[in-house]
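User: I would like to learn how to read a structural model step by step, beginning with the whole chain and then going down to single residues. Could you take me through one?

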Amino acid sequence: MTQLPNIVILGDYERALRHFSRWDKLEQNANLTIHHEPLRDEALYEAVKDADAIAIVRDRSPFNEAMIARLPKLKFLMFTGERNGTLEAAALVSRNIPMACTPGGPSKETTAELTWALILGASKRLIEQNALIAHGGWRDELSVLPMLSGQRLGIMGLGAIGSRVARVGHAFGMEVVTWSPRMTPERAAAENAKSVTLDELLSTSKVVTMHLVAGPGTKGIISADQLALMRPDSILINTSRSALINMPDLCAALKKGAPGQAAVDVFDVEPLPKDDPLRNTPNLLTTPHLGFIAEPIFETFSRGITETLEAWLDQKPVPHPFKP
């Protein structure tokens, strides 16, 4: 009797994958294991040491060259989305292990929506207002709220997400300014924005929102010196990459009162450790990396995983082969 292949799914934190596609065929033709908890190092190795095929949700499970070398049975690896920043793909290529991915889904749209949820939630102090009601109160000094209309919205990065954020800013009656390492007046004007220096953007904007790729020229671009330029009533938003901000500097700046508030969806270590000071930093609104966590995206991920693994089991071409 032929032994069934072992398939391991990693990183289904939300327990969402089974809701959006049919898993019957995989369960009938493979030993299928789905992990919902974060796994790293030896815990990750123990989960995948006997795997013939591995599927990873996003880049939640890091596979470096040393880990891959410890998996002699591995014949196939896939991940959701079109990029994976924690996978050393060259190690798989050197062993001729094929890879695949899934489409990314409408993550740009959902991230732009979350950006505005954070801007409005912080600006209107929704968490504090809700707590006031929940504890029997009605209004207090935080209930006299600012307006965004007529204020300056500073957007760092005016790509697919930043440009969507800019359009909503215009709808709210905000003046939109922008900066990025390669920004030009013409690119800014195409979104009815004004190109300014980074110092001007930081020092004059009511809301500063970050939509940059975290690369050699942008990692750590916001640290103590830049934070000190910001208005005491300003709000810093990051739904992009945590590496753009020196997070200890942000904690210290918020305690000093400039910027007045921040709202972040991304962190240096995810899931955020239970004892991380960000959990109790004043004037900081946090969400657990929800930018791409949306029903249509997880439907895309789930269908992509099942269709790809079914094709692999049937020895057919996979839908979205990945070649680094």
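**From the overall fold to single residues**

Analyst: We can start with the inventory: the protein has 12 helices and 12 strands, and the model is a predicted one. Taken along the principal axes, the C-alpha atoms fill a box of roughly 70 × 50 × 35 Å, and buried residues make up 49% of the 324 residues.

User: How many of the contacts with a separation of 6 or more join residues 24 or more positions apart?

Analyst: Such pairs account for 62% of the contacts in the protein with a separation of 6 or more.

User: Which residues should I look at in the largest nonpolar core?

Analyst: The general idea is that, in soluble globular proteins, nonpolar side chains tend to be buried together. In this case the largest nonpolar core has 28 residues, of which Met156, Leu201, Met210, Ile222, Leu236, Ile245 and Leu250 touch the most other members. Two or more residues each come from strand E7 (175–179), helix H9 (198–204), strand E9 (207–210), helix H11 (247–256) and strand E11 (261–264), and H11 gives the most, with 5 residues. Apart from this core lies another, of 25 residues, among them Leu32, Ala55, Phe301 and Ile305.

User: What does Leu236 touch, leaving out residues up to four places away in sequence?

Analyst: Beyond those sequence neighbours, the contacts of Leu236 include Val208, Met210, Ile222, Ile245, Leu250 and also Gln261.

User: Is Arg125 buried or exposed?

Analyst: A residue counts as buried when its relative accessible area is under 20%, and because the value for Arg125 is 14%, Arg125 counts as buried. Arg125 lies in the loop between helix H5 (107–123) and helix H6 (126–134).

User: How far apart are Pro146 and Arg125 in sequence and in space?

Analyst: Pro146 and Arg125 are separated by 21 residues in sequence and by 9.7 Å in space, C-alpha to C-alpha. Pro146 is found in the loop between H6 and strand E6 (152–156), and Pro146 is partly exposed, with a relative accessible area of 30%. Not counting residues up to four places away in sequence, Pro146 touches Ser123, Lys124 and Lys206.

Conventions
Residues numbered from 1 in each chain as written. Predicted model: local features only at pLDDT ≥ 70, side-chain atom pairs only at ≥ 80, totals over all residues. Heavy atoms only, no water. Helix = DSSP H or I, 4+ residues; strand = E, 2+ residues; numbered from the N terminus. Buried < 20%, exposed > 50% of the residue type's maximum accessible area, 1.4 Å probe, protein only. Contact = heavy atoms within 4.5 Å. Core = buried A, V, L, I, M, F, W, Y, C linked by side-chain atoms within 4.5 Å.
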